[in-house]
Amino acid sequence: MSPSARTQLLVLLLSLSSHMMLSRYIEEDDTSDGLYSLLSSEQKRESEDFVFRRSLRCLDMLATEGHFTFVASSPQQLACAAFIIGEPSEVIGLELSDVNIDCDAGDFIKIFDGWVLKGEKFPSNQDHPLPLHQRYTDICSSTPPGHASRSSQNVAMVFFRIHAPDSGFTLIVKKLRNPFPCNIMSQSPEGSFTMVMPHQHRNCSFSIIYPVEIQLTQLSLGQAKSNQLRPKATLSGCSGSADYVELLGGNGVDTSRMFPVADLCFPLSGLAQMKIGCDNSVVRLVSSGNYINRVSFRYRLLQRNVLPEAHENSLDNMCNVE
């Protein structure tokens, strides 16, 4: 992930979340100080043996493997958070070392399996394979083996608050291969992807935190053989089907709170192509577990000065494009 792409993604995340919340532990945090130094950070590995190391900031975006150390320089009254993201085909391995905090004094470090933005969670509770309480790793209540965690998708978060100066910890980030990616946050506003769900009763989302134009190029659901599709309005479409693809748009990250733009559950002539002018655009694959379901699609950034136009195989966008 290039520095410019990482900068754009973090700016969009911050626009989605003026303050971050995690149950009762996370309070409002003015993150304006030091933000521009964060955005200009370079992250690069020079060889397979090179271990990238740098300091961890109170608000941070990590898109590479390495060791990231946080040391409190003054009494910390702010709730801090680090967003970690990998490639779509990766999951995140996290370890903590050199932990020096005082849990009795109110310090905490919590690892979350996913992202939390403005009180919304990705993946949503409906789409994540684990119940909500199992998505947290609380260092203060864990034995030493609890200092290691593995995400279920290509994003994870670490929340922390440390009061005493010179206290801190080191976060070790590793990227692990995921043969069947599910619930993906895209690092880029342009690209292509194929989601495959092999005989599992599970829902998978591909989330793009940009307004985009999406073109579905292949869809195999249940016994359907044709690759030719067009969108069908959700209200009259696939509500009775156990296997389908839906397109969602919204200004948050929780897919259960987003607006259904279209759904597709059977082959028709023409390609499914539409423009979604929302802060977040999602392709969501719903699977009964009875079949091997597959959806392939391309997406590209929708320029702010381009308003979606109604065509035979397109739907008007449900969000304002300024």
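I'll start with one side chain: that of Asn183 reaches the backbone nitrogen of Ser205 at 3.0 Å. That is a polar contact, meaning a pair of N or O atoms within 3.5 Å; within protein, one must be able to donate a hydrogen and the other to accept it, and residues adjacent in sequence count only if both atoms are side-chain atoms. A polar atom of the Asn183 side chain also lies 3.2 Å from the backbone oxygen of Asp127.

Before going on, a note on the model. It is predicted, so local features need pLDDT of at least 70 and side-chain atom pairs count only at pLDDT 80 or more, while totals for chains, interfaces and linings use all residues. Residues are numbered from 1 along each chain as its sequence is written, and side-chain values use heavy atoms, with hydrogens and water left out.

Back to Asn183. Where is Asn183 found? It is in the loop between strand E12 (168–177) and strand E13 (184–185); helices (H or I, at least four residues) and strands (E, at least two) are DSSP runs, numbered from the N terminus. Asn183 is buried, with a relative accessible area of 1%. Buried means under 20% relative accessible area, exposed over 50%, and partly exposed in between, with a 1.4 Å probe and protein chains only. Leaving aside neighbours within four places in sequence, Asn183 is in contact (heavy atoms within 4.5 Å) with residues including Phe122, Pro123, Gln153 and Arg202. From Asn183 to Leu285 the C-alpha distance is 9.5 Å, and the two are 102 residues apart in sequence.

E12 belongs to an open sheet of five strands, in the order E1-E3-E12-E5-E10, with mixed pairing. Two strands pair if DSSP finds at least two bridges between them. Strand E1 (53–55) and strand E10 (148–150) stand at the edges with a single partner strand each, so one side of each has no neighbour in the sheet. On average, neighbouring strands here are turned by 20° against each other, direction ignored; axes are lines fitted to C-alpha atoms, for helices over the stretch in contact, and angles run from 0 to 180 degrees between N-to-C directions. E12 and strand E5 (residues 90–100) pair in the antiparallel sense over nine bridges, and Val91 has Leu176 of E12 as its bridge partner.

E13 belongs to another open sheet of five strands, ordered E13-E15-E20-E17-E18, again with mixed pairing. Its edge strands are E13 and strand E18 (259–264), each pairing on one side only. E13 runs parallel to strand E15 (residues 203–208), joined by two bridges; Met185 has Ser207 of E15 as its bridge partner.

Now the cores. A nonpolar core is a set of buried Ala, Val, Leu, Ile, Met, Phe, Trp, Tyr and Cys residues joined through side-chain atoms within 4.5 Å. How many residues has the largest nonpolar core? It has 29, and among those with the most contacts inside it are Phe206, Ile214 and Leu247. Its largest share, four residues, comes from E16. Ile214 touches Leu247, Met274, Val283 and Phe297, among others, not counting residues up to four places away in sequence. A second, separate core of 23 residues includes Ala72, Ile111, Phe169 and Leu171.

Last, the totals. The protein has two helices and 21 strands. Of its 322 residues, 53% are buried. Among contacts between residues at least 6 apart in sequence, 76% join residues at least 24 apart.
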